[in-house]
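Here is a short note for a colleague opening this entry for the first time. Please read it with the structure on screen.

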Amino acid sequence: MVQANWTSVTVFFFLGFSHYPKVEVVIFVLCLLMYLTTLLGNTILISITILDSRLHTPMYFFLSNLSFLDIWYTSSALIPMLANFILGKNTISFSGCASQMYFSLAMGSTECVLLSMMAYDRYVAICNPLRYPIIMNRRVCVQIAGSSWLTGCLTALVETGPVLQLSLCGKSIINHFTCEILALLKMACVDTSMVQLIMLVISILLLPLPMLLICVSYAFILSNILRISSVDGRSKAFSTCAAHLTVVVLFYGTALSMYLKPSAVNSQEIDKFMALIYAGLTPMLNPIIYSLRNKEVKMAVKKLLIRNPFNAILTSVLK
């Protein structure tokens with residue numbers, strides 16, 4: 001068996017979805033649609049958050065951070081795959097693979113922390129409305145967002161560094177559509193128990209703990225909603241919370257099933273489809289669920305499109 005280290009490898013080959021030749025085109029079309037929708041929805045959200053002063057609030061500040069993050073997250077995972085399909089090749093350079101692995105981990109880890117902070121923001125806004133402007137002032141919001149990005153980037157560095165030191169076996173073939181860290185670990189010729197231990201600790205810190213904080217925050221939010229006397233108001237609040245929790249379950253659920261499953265379970269093909277959900281589907285749903293359903297955002301979008309010749313068509317869609 002051929003053994004090499006990372007620095008001696010110049011090109012990696014992706015297996016992707018080659019085991020499913022009949023659905024490869026369908027997967028490509030779905031991924032392209034998800035990416036374009038993600039790009040459009042998140043770009044619109046960032047634009048209106050910057051341009052409309054009524055949206056200069058903590059909630060939309062965090063949402064614009066989430067949108068910026070999702071654009072980078074989806075781009076790092078899907079653009080190389082889409083480009084390879086169009087060009088008819090399944091290769092990536094060493095530097096490209098290392099960069100893709102780092103950015104995917106960094107963006108995913110940042111989103112884990114940011115989603116929990118957004119849930120805390122909603123908890124303070126609903127359960128402590130009078131103290132909300134004091135607790136979630138501009139300085140605190142910037143510190144929360146900055147710490148989320150810093151945590152994601154540092155944990156990704158801690159995970160990526162040891163992997164790049166491993167010796168690899170075989171023909172540098174990655175059984176995935178992206179440089180996913182778990183797929184790369186399976187190519188190692190040496191003991192990876194220390195790397196797996198590091199990943200386990202980080203995964204516990206970034207997956208079940210933030211999800212627990214989200215669940216606790218929404219438990220308090222729901223208990224507060226039950227006190228609303230208006231049936232319509234209560235129904236609308238429950239609908240919003242249910243939509244938010246659906247996205248949370250999709251994102252954390254798929255990530256948990258991949259990074260905290262028993263090592264004896266080998267489900268590489270399932271992992272590929274799971275990766276499509278948290279790298280493609282969730283970023284596409286985030287702007288729709290969190291923002292574009294809101295009346296404030298719809299009004300801001302209409303205002304932004306007022307000079308657009310296609311405004312009449314787009315406005316009718318938003319109604």
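Which side chain meets that of Arg122 in a salt bridge?

1. **The Arg122 pair.** The partner is Asp121, with an N to O distance of 3.1 Å. Keep in mind that this is a predicted model. Asp121 counts as buried because its relative accessible area is 1%, and buried means under 20%.

2. **The other pair.** The whole structure holds 2 salt bridges. Asp52 is buried, at 5% relative accessibility. Arg54 is partly exposed, at 45%. Side chains of opposite charge can pair when their charged atoms come close.

3. **The core.** The largest nonpolar core has 87 residues. Ile174, Tyr252 and Tyr259 have the most contacts inside this core. Helix 3, residues 94-127, gives the most to it, with 14 residues.

4. A surface patch of about 970 Å² is built from Met194, Leu197, Leu200, Val201, Ile204, Leu205, Leu209, Leu212, Val216, Phe220 and Leu260. Helix 7 (193-206) and helix 8 (208-225) each give at least two residues to the patch. The largest share, 6 residues, is from helix 7.

5. **Val201 as an example.** Why can Val201 be part of that patch? Patch residues need over 30% relative accessible area. Val201 has 44%, so it passes that cut-off and counts as partly exposed. Val201 lies in helix 7.

6. **What the record says.** The unreviewed UniProt entry annotates "transmembrane region" at residues 25-48, 60-82, 102-120, 140-158, 194-221, 242-261 and 273-292. Two of these spans can be checked against the model. Residues 140-158 are 100% helix and 0% strand, with end C-alpha atoms 27 Å apart. Residues 194-221 are 96% helix and 0% strand, and their end C-alpha atoms lie 40 Å apart.

Key. Residues numbered from 1 in each chain as written. Predicted model: local features only at pLDDT ≥ 70, side-chain atom pairs only at ≥ 80, totals over all residues. Heavy atoms only, no water. Patch = residues over 30% accessible without salt bridge, like charges linked within 9 Å, V, L, I, M, F, W, Y side chains within 5 Å. Areas by Shrake-Rupley, 256 points an atom, 1.4 Å probe, with all protein chains shown as cover. Salt bridge = Lys/Arg side-chain N within 4 Å of Asp/Glu carboxyl O. Helix = DSSP H or I, 4+ residues; strand = E, 2+ residues; numbered from the N terminus. Buried < 20%, exposed > 50% of the residue type's maximum accessible area, 1.4 Å probe, protein only. Core = buried A, V, L, I, M, F, W, Y, C linked by side-chain atoms within 4.5 Å. UniProt positions renumbered as here; feature names shortened; annotations may be inferred.
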